[in-house]
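Welcome! Take a moment to look over the sequence and turn the model around before reading on. The report below walks through it step by step.

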Amino acid sequence: MSPRGESTKQKLFEATLRLATEKGLPGLTVDEIAAAAGVAKGTVYYNFGSKDGLIDALLRYGVGQLAERLRAHAAEPDPVAALESLVDTGLEFIAGHRGFSQILVSELWRTPGQWQETLSLLREDIVSIVKEQLQRVADAGRLPPGIEVPTAAAGLFGTLLVVALDWQVFQPQRSRAEVREGIMLLVRGVARAD
């Protein structure tokens, strides 16, 4: 793909995020997105086929970026420290991509959602990264008996999203370190010290 094509798609993603943050996804039109991106309406259709194709690509792109960043912590030797880094990275991403995160949360838990199939796959990708880290904690003997790693991973993912957005919207004066520590207190309440 040419750099120009990437630039056009990026403009469309950014315009969609801006507009969706202001007024929500359902009411957006291709005309509005194209105008906000400074491109012709046909550009949306050329690159994505439809508004739904654009939103689908935006969700895949954003979750792919988040997943890539979360995976970067898999090699840390201490599994609880790796989990803390993963939480911090998630908070950093959500703070830096608030519009995307709001769309992700609102669409993820809207039932039935228009992008439910895509979001189910994307959610599973992120939850599997969290699950791998929690499994490392369990393998190190640092989870109490009876903790179900898949359930704990889904819980941590949900907690991370909701707490991060709560921080951004209602408690922006708090530092990322404070918010991370709040989430990690929950994790440490479950994970035993080495």
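## A tour of the model

Glu84 is partly exposed, with 21% relative accessible area, where "partly exposed" lies between buried (under 20% relative accessible area) and exposed (over 50%), using a 1.4 Å probe and protein chains only. This is a predicted model, in which local features need pLDDT of at least 70 and side-chain atom pairs count only at pLDDT 80 or more, while totals for chains, interfaces and linings use all residues. Residues are numbered from 1 along each chain as its sequence is written, and side-chain values use heavy atoms, with hydrogens and water left out.

**Glu84 and its surroundings**

Glu84 forms a salt bridge with Arg180, and their closest N and O atoms are 3.3 Å apart. This pair links distant parts of the chain: Glu84 sits in helix 5 and Arg180 in helix 9 (residues 176-190), 96 residues apart. A salt bridge here is a side-chain nitrogen of Lys or Arg within 4 Å of a carboxyl oxygen of Asp or Glu. Helices are DSSP runs (H or I) of at least four residues, strands are runs (E) of at least two, and both are numbered from the N terminus.

Asp88 also belongs to helix 5, which covers residues 79-96. Is Asp88 buried or exposed? Asp88 is buried, because its relative accessible area is 16%. Its side chain makes a polar contact with the side chain of Arg176 at 2.9 Å. A polar contact is a pair of N or O atoms within 3.5 Å; within protein, one must be able to donate a hydrogen and the other to accept it, and residues adjacent in sequence count only if both atoms are side-chain atoms. If we leave aside neighbours within four places in sequence, Asp88 is in contact (heavy atoms within 4.5 Å) with Arg176 and Arg180.

**Salt bridges across the chain**

How many salt bridges does the structure hold? The structure holds nine salt bridges. Three of them are listed here.

| Pair | Closest N to O distance |
|---|---|
| Glu84 and Arg180 | 3.3 Å |
| Glu124 and Arg123 | 3.7 Å |

Salt bridges that share partners also join Glu84, Asp88, Glu92, Arg176 and Arg180 into one network.

Arg71 is partly exposed at 43% relative accessible area, and Asp125 counts as partly exposed at 26%. In the other pair, Glu124 is partly exposed at 38% and Arg123 is partly exposed at 31%.

**The chain as a whole**

Now zoom out. The chain has nine helices and zero strands. Along its principal axes, the C-alpha trace spans about 60 × 35 × 35 Å. Of the 194 residues in the chain, 44% are buried. Among contacts between residues at least 6 apart in sequence, 69% join residues at least 24 apart.

Helix 6 (residues 98-108) is largely enclosed by the rest of the structure, because eight of its eleven residues are buried. Among them are Phe100, Ile103, Leu104 and Glu107.

Ala34, found in helix 2 (residues 30-37), is buried at 2% relative accessible area. Not counting residues up to four places away in sequence, Ala34 touches Val39, Ala40, Lys41 and Val44.

**Two domains**

The chain is divided into domain 1 (1-49) and domain 2 (68-188), with bounds that come from an automatic or database domain assignment. Their C-alpha centres lie 28 Å apart. Five residues of domain 1 are in contact with seven residues of domain 2.

How much area do domain 1 and domain 2 bury between them? They bury about 440 Å², 79% of it on carbon and sulfur atoms. Buried area is the accessible area (1.4 Å probe) that two parts lose on being put together, summed over both. In domain 1, Leu17, Thr21 and Leu25 lose the most area to domain 2, together 80% of what that side buries. Between the two domains there are zero salt bridges and zero residue pairs in polar contact, counting pairs with both residues at pLDDT 80 or more.
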